[in-house]
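Please open the model in your viewer and keep the selection tool at hand. The stops below say what to select next and what is there.

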Amino acid sequence: MNSKEELTTKPFKVTVTKEEVVAPLLPLQEHWLPMSNLDLLLPPLDFGLFFCYEKPITAVAEEHVEEIPTSLSVFGVLKKALAQALLPYYAFAGEVVKNLSGEPELQCNNLGVDFIEAFAEVELKELNFYNPDHSIEGKFVPKKSPGRVLAVQATELKCGGVVVGCSFDHRVADAYSANMFLVSWAELARSKPLTHLPSFRRSLLNPRRPGHIDPAFEHMYIPAMPPPPEDPSAPPTDHLISRIYHIKAEELNKLQTLASSNNKRRSKLESFSAYLWKLVAKSSPNTDSEKPCRLGIVVDGRKWLSKGDQQTTMSSYFGNVLSVPFTGKKVSDLIEEPLNEVANEVHECLGKALREEHFLGLIDWVEKLRPVPGMTRIYSYRREHGPSFVVSSGQRFPVSDIDFGWGKPFFGSYHFPWGGDCGYVMPMPSPSGNGDWIVYMHLFRWQLEVIELVGSKVFKPLTFDYLINCHY
């Protein structure tokens, strides 16, 4: 399979064989955990991820492994380790409810995690990773029950491989927090000591008294507005679709060279974002040439809030510590400008958030707005306002560390079809470990068509053959 035309679109059935709730190994005293001001910036939104494993060489049950089907032993290990992981990560066993002010709050009540066992009539080599809307959505990443924080699905494939999918409530955990949990879960499955213990010290993100709010926040964030009601009589509109690509390390190095100038070396993320920004602009219809094309970049604030005795605690802080600075530039200008000038714009945009004062000011801004929820402004723009998308850095995605005892994942990725009109892009390290990237993209179809045409040397549809070569 060397091109997207050769990727199978054969439908396959996934059958749920068992559903249960995995509770913490020991019940904790019920208590309430408030959301931080940065948690309150997130709408009720779930994000997913999944890991694919080749057929385990041996079963991993405690006794008589030769008599137990591999899937049962694998599922048993996952559930046993999950029950252990829910002790330090007790937030995942809770429930999100509204407090008297109408704000979400986490009730840590040992409710547990929905765990689904399933079987898929497909082999690992037949999965169309390029098109996760076909191969992953609704099949391997479970839908989370309302109020629950986490859902897990373990699916055995026809070839004996296994797919482990998770769905997280974004109001409770960002990708950094989910990564910590996943690594701990895998360590417990292998009876290893935990590398990290999560910190729920919300006082680290308390607002200042008095607060100090930069006027620039009024341009970056707005009070959240409920989505307009759907009109059933309205004609169907285009919606965002998901695709997964791989990018060779040498192509990333070329982009970085082109994006750097005058002794100003740009990072790979800045260079990649600038290149993609130009491609999204190029995909816009002529009627959008004078409209702004907006780019947002997700920034993790843990580094910038880590100083003194807070450094260790912030490195293990569980919750959302994110900001999304964004910038806009006229479509026609983005198309005409050289890559290095566009990369300078990306660098300046990132610079707005790469400092402690930015995150402290954002915490203060949310406090001033409460109990009205806030949101990043770039999410609010509709298609008619010009194209917009957000790049999130998934370079710390610990795909190689999610080993539950039967080997490292063959492949793993985030899956985040969040809807709306704002695109979402998540670059991650390739399982090859050679500097290649895997890129999950959630954009409009016509944008992806131009990206694949104009950027064909950079963006390659993800295939089973590529992943095989990563491992051998």
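**A pocket and its lining**

Begin with helix 3 (175-189), which gives the most to the lining of the second largest pocket, with 3 residues; helices here are DSSP runs of H or I with at least four residues, strands are E runs of at least two, and both are numbered from the N terminus. This is a predicted model, in which local features need pLDDT of at least 70, side-chain atom pairs count only at pLDDT 80 or more, and totals for chains, interfaces and linings use all residues. Residues are numbered from 1 along each chain as its sequence is written, and side-chain values use heavy atoms, with hydrogens and water left out.

Next, select V298, V299, D300, L322 and R396, which lie nearest the centre of this second largest pocket among its 44 lining residues. (A pocket is an open set of points on a 1 Å grid over the protein atoms alone, where a 1.4 Å probe fits, with protein on both sides within 12 Å along at least five of seven lines; lining residues have an atom within 4 Å of a point.)

Now show helix 6 (268-282) together with helix 11 (residues 445-454), and you will find them packed at an angle of about 120°, with their axes 8 Å apart. That angle makes helix 6 oblique to helix 11, since angles under 35 degrees count as roughly parallel, over 145 as roughly antiparallel, 65 to 115 as roughly perpendicular and the rest as oblique.

**Backbone stops**

Finally, select R209 and P210, whose peptide bond is cis with omega near -5°, and then R370 and P371, joined by a cis peptide bond with omega about 5°.

How values were computed
Axes fitted to C-alpha atoms, helices over the stretch in contact; angles between N-to-C directions.
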